[in-house]
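Let me put the thing up on the screen and then we'll walk through it.

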Amino acid sequence: MEAEGRESAPSLPQPAPGDEGGAEADATAGAPCGVRGPLLAAAEVLALDDEEDDDLEVFSKDASLAEVNSFSPSMPISLSSMINQYKFEDEPEQRDLFITVDDPESHITALETFITYRVLTKTSRGEFDSSEYEVRRRYQDFLWLKSRLEEAHPTLIIPPLPEKFIMKGMVERFSEEFIETRRKALHKFLNRIADHPTLTFNEDFKIFLTVQAWELSSHKKQGPGLLSRMGQTVRAVASSVRGGGAKNRPEVFTEMNNYMETFSQKISVLDKIAHRIYKEEREYFNEMKEYGPIHTLWSASEDDVADCLKGVASCIDKCCKATEKRMAGLSENLLPILHEYILYSEILMGVLKRRDQIQGELDSRVDALTNKKTEKDLFSEEIGRLEDKVEYANNVLKADWDRWKQNMQRDMRATFTNVAENNLRYYEECLATWESFLASQAVHLHVEEDSEDKP
């Protein structure tokens, strides 16, 4: 398996359409031991067809980055050289809102058990009455905020929240591991909103950050009533039955929809590959943990090679610790970002559907106007209002789409660069460990030979 992961990689065969499974199998063949294996698998799985436009590339916006990723002999292939090629564009401006989610606490009542998190906010904005706030929020409060943002900005890309439920047998709901994973996801959710040029000034977001729990509960009751929500649902269903405005959808949104369908498929395949690599890495780690003690026990019964066996046990122990560190890097950096963008793909498909619903509402009014000779003035006024609504929704979505793609490209670059650096450190550490041991054995062997040659 390690030999496969270390094979030369000048050529990257593209998978045939619909053959993502083959790409997955090939990529995992070299896991977990190869440095390049997972990264080349990622490049292969997420590379779009050459026929697609440049603005629909997943990870590169210019030819120079694509050339670097091709591992051309004329281009530098060392990690440091590759990193120098990456220019992280659109660096965030000076921030004036800092949010931290920490200090989870368990609460047990007669009806339920739940976790609350402390939300610390520091800001220099004039619309806030204070520069610092400290409140406690539970998961349902985060869900409320997300729903309010979606209602206020139906065609903006709202950051994803971690799922409420987890798969049975994966991890306990109130385990430290689960709580910490959720805390990190909630922290990222709030900070992505804070960094968004529009969502950061949402009034409900400000209320979420500043008011105490009882005030937030009171504010929740002031939201849209049941009949209003039912009306929105009925309109959405009616729009989907009419076709969701797809018949008059502008080409740019058709391209977005096609892009997201492809992105969703390939990011899901990459997520499966990453989990398989992590699983094999854990199995490798568990096996190595047994070898060190075995060699230590063996040394007790072999006096002639006891020092050598103890040295092997020490090397295995060091490599085992390095493997554990690399596994932590995968679980803390690679797996969460891939899962986040799986959730993002679902959110973006929902945003595109809501845009189509707005378009469909306009189309239905236009059709009604052509079929009715009376009440033309009333219909014309409503059509004008809907045209403005569609134009606003289109412009907002286009701008947020470009921003989301830039963030996605930056996140993916940073994530896979981090994986590559961790892999290099791991192999350098393990190589140095074994080289040092072999050098010491060579010296010991020469000393023994010299002593035997003396009369």
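Before I start pointing at things: when I say buried, I mean under 20% relative accessible area, using a 1.4 Å probe and protein chains only. And keep in mind that this is a predicted model.

So, with that cut-off, let's look at helix α8. The buried residues here are Asp 204, Phe 205, Ile 207, Phe 208, Leu 209 and Thr 210. That's six of the eight residues in the helix, which spans 203–210, so α8 is largely enclosed by the rest of the structure. What do those buried residues pack against? On the strand side you've got β1 (97–108), β2 (113–123) and β3 (132–138), and on the helix side α6 (139–152), α7 (176–195) and α9 (213–220). There's a cap too: Asn 202 sits at the N-terminal end of α8, with a side-chain oxygen 2.8 Å from the backbone nitrogen of Asp 204.

Okay, on to the strands. β1 and β2 make a hairpin with four residues between them, and they pair antiparallel over 10 bridges. If you want a landmark in there, Asp 102 stands opposite Arg 118 in β2. Next pair along: β2 and β3 also run antiparallel, joined by seven bridges. Thr 116 has Arg 138 in β3 as its bridge partner, and Arg 118 is opposite Arg 136 in β3.

Put together, that's an open sheet of three strands, antiparallel, in the order β1-β2-β3. From one strand to the next, the twist averages 20°. And here's α8 again: it packs on this sheet, touching β1, β2 and β3, and its direction makes about 95° with that of β3.

Last stop, the nonpolar cores. The largest one has 41 residues, and the members that touch the most others are Met 260, Phe 263, Ile 267, Leu 338, Tyr 341 and Trp 404. Which elements give two or more residues to this core? Those are α11 (251–301), α12 (306–371) and α13 (376–453), and α12 gives the most, with 16 residues. Take Trp 404: skipping neighbours within four places in sequence, its contacts are Ile 157, Tyr 259, Met 260, Phe 263, Tyr 341, Tyr 344 and Leu 348. Apart from that core lies another, of 31 residues, including Ile 99, Leu 149, Ile 179 and Val 211.

That's my tour, thanks everyone.

Conventions: Residues numbered from 1 in each chain as written. Predicted model: local features only at pLDDT ≥ 70, side-chain atom pairs only at ≥ 80, totals over all residues. Heavy atoms only, no water. Buried < 20%, exposed > 50% of the residue type's maximum accessible area, 1.4 Å probe, protein only. Contact = heavy atoms within 4.5 Å. Polar contact = N/O pair within 3.5 Å; in protein donor to acceptor, adjacent residues only side chain to side chain. Pairing = 2+ DSSP bridges. Axes fitted to C-alpha atoms, helices over the stretch in contact; angles between N-to-C directions. Core = buried A, V, L, I, M, F, W, Y, C linked by side-chain atoms within 4.5 Å.
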